[in-house]
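This report describes one protein chain for a reader who works with coordinates. It takes up salt bridges, helix packing and backbone details in turn.

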Amino acid sequence: MTRGLRLAVLYLALGMGANAAAAEGHEDLLQGDMRAMLLHEEAVDPGAVRFTDAEGNEMGLDAFAGQYVVLNFWATWCAPCRVEMPSLNTLQQTLGGEGFRVVTIATGRNPIPAINRFFEAGGITDLPIYLDPRQTMSRQMGVLSLPVTVLLDPEGQEVGRLRGDADWASDETLAFLRAWSGQSGQSGQDD
């Protein structure tokens, strides 16, 4: 079995066996769209996954060490991604700062001009452009459909994942993410 397939099977098994232990004390906050969030019993190391920035510079998740990260896999052709992306932008505006970041990875064939049009049409002003053109990272992390959003703790470990789109700017989602990241209702911009 190839490494990518083994990881995909592992992530599927983790998702199926997920429970609230990884977010002890926060399970009651899984309301609204967050009811679809699968929290892992134990944090999962995503491995040394690589992706590029818009200029083609290779990087890894270690670039976000010490931060709570909402990691979203998307594509320009993905209709649910088009619906979801503005709320991810609002989430970054609301909670983003030194200790919290929304990171979006365009996986598959997503030319920069198409991404720029997508962002312009959706009013996306505060999200980065990162690319996984060969879907290597998404395969390594067991992303089998789009969109998928992964929660990473400050150690870079995956603690939860949500398959499908969500309203990342809803009151229920913000309450959960504030509790998870320890922001206690304050704006992340003040970090």
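A salt bridge is taken here as a side-chain nitrogen of Lys or Arg within 4 Å of a carboxyl oxygen of Asp or Glu. The model is a predicted one, and two salt bridges are found in it. In one of them the side chains of E158 and R161 come together with an N to O distance of 2.9 Å, and both E158 and R161 are buried. In the other, the side chains of E58 and R50 meet at 3.2 Å, N to O. Because its relative accessibility is 56%, E58 counts as exposed, whereas R50, with a relative accessible area of 36%, is partly exposed.

**Overall architecture**

The chain contains five helices and eight strands, and, read from the N terminus, its elements follow the order α-β-β-β-β-α-β-α-β-α-β-β-α. It has 191 residues, of which 47% count as buried. When contacts between residues at least 6 apart in sequence are considered, 73% of them join residues at least 24 apart.

| Helix pair | Angle | Axes |
|---|---|---|
| α2 (residues 79-95) and α3 (residues 112-122) | about 60° | 10 Å apart |
| α2 and α5 (residues 171-181) | roughly 45° | within 12 Å |

Helices α2 and α3 pack at an angle of about 60°, which makes α2 oblique to α3. The crossing in which α2 passes α3 is right-handed. On the α2 side the contact is made by C81, R82, M85 and P86, and on the α3 side by F118, A121 and G122. By residue class, the contact of α2 with α3 consists of five nonpolar residues, one polar and one charged.

For the second pair, the axes of α2 and α5 cross at roughly 45°, and α2 and α5 are therefore oblique to each other. Here too the handedness can be stated: α2 passes α5 in a right-handed crossing. The residues that make the contact are L91, T94 and L95 of α2, together with L174, L177 and R178 of α5. Their classes divide into four nonpolar, one polar and one charged.

**The surroundings of α5**

Which residues of α5 are buried? They are T173, L174, F176, L177, R178, W180 and S181. These buried residues of α5 pack against α2 and against the strands β1 (38-44), β4 (68-74), β5 (100-107), β7 (148-152) and β8 (158-163). The helix α5 is followed by G182, whose phi is positive, near 75°.

**Loops and backbone details**

Several loop positions deserve a separate description. M37 is placed in the loop between α1 (3-16) and β1, and it counts as buried because its relative accessible area is 4%, under the 20% that sets the limit for buried residues. Leaving aside neighbours within four places in sequence, M37 is in contact with L30, L151, G160, R161, L162 and W168; R161 also takes part in the salt bridge with E158. The C-alpha atoms of M37 and T149 are 9.0 Å apart in space, although 112 residues separate M37 and T149 in sequence.

P111 is found in the loop between β5 and α3, and, at 49% relative accessibility, P111 counts as partly exposed. Its C-alpha atom is separated by 9.6 Å from that of A54, with P111 and A54 lying 57 residues apart along the chain.

Another proline, P147, is joined to L146 by a cis peptide bond with an omega of about -10°, and P147 is placed in the loop between α4 (136-140) and β7. With a relative accessible area of 34%, Q135 is partly exposed.

How values were computed: Residues numbered from 1 in each chain as written. Predicted model: local features only at pLDDT ≥ 70, side-chain atom pairs only at ≥ 80, totals over all residues. Heavy atoms only, no water. Axes fitted to C-alpha atoms, helices over the stretch in contact; angles between N-to-C directions. Helix = DSSP H or I, 4+ residues; strand = E, 2+ residues; numbered from the N terminus. Parallel < 35°, antiparallel > 145°, perpendicular 65-115°, else oblique. Left-handed = near helix turned anticlockwise from the far one by under 90°. Contact = heavy atoms within 4.5 Å. Nonpolar A, V, L, I, M, F, W, Y, C, P; charged D, E, K, R; others polar. Buried < 20%, exposed > 50% of the residue type's maximum accessible area, 1.4 Å probe, protein only.
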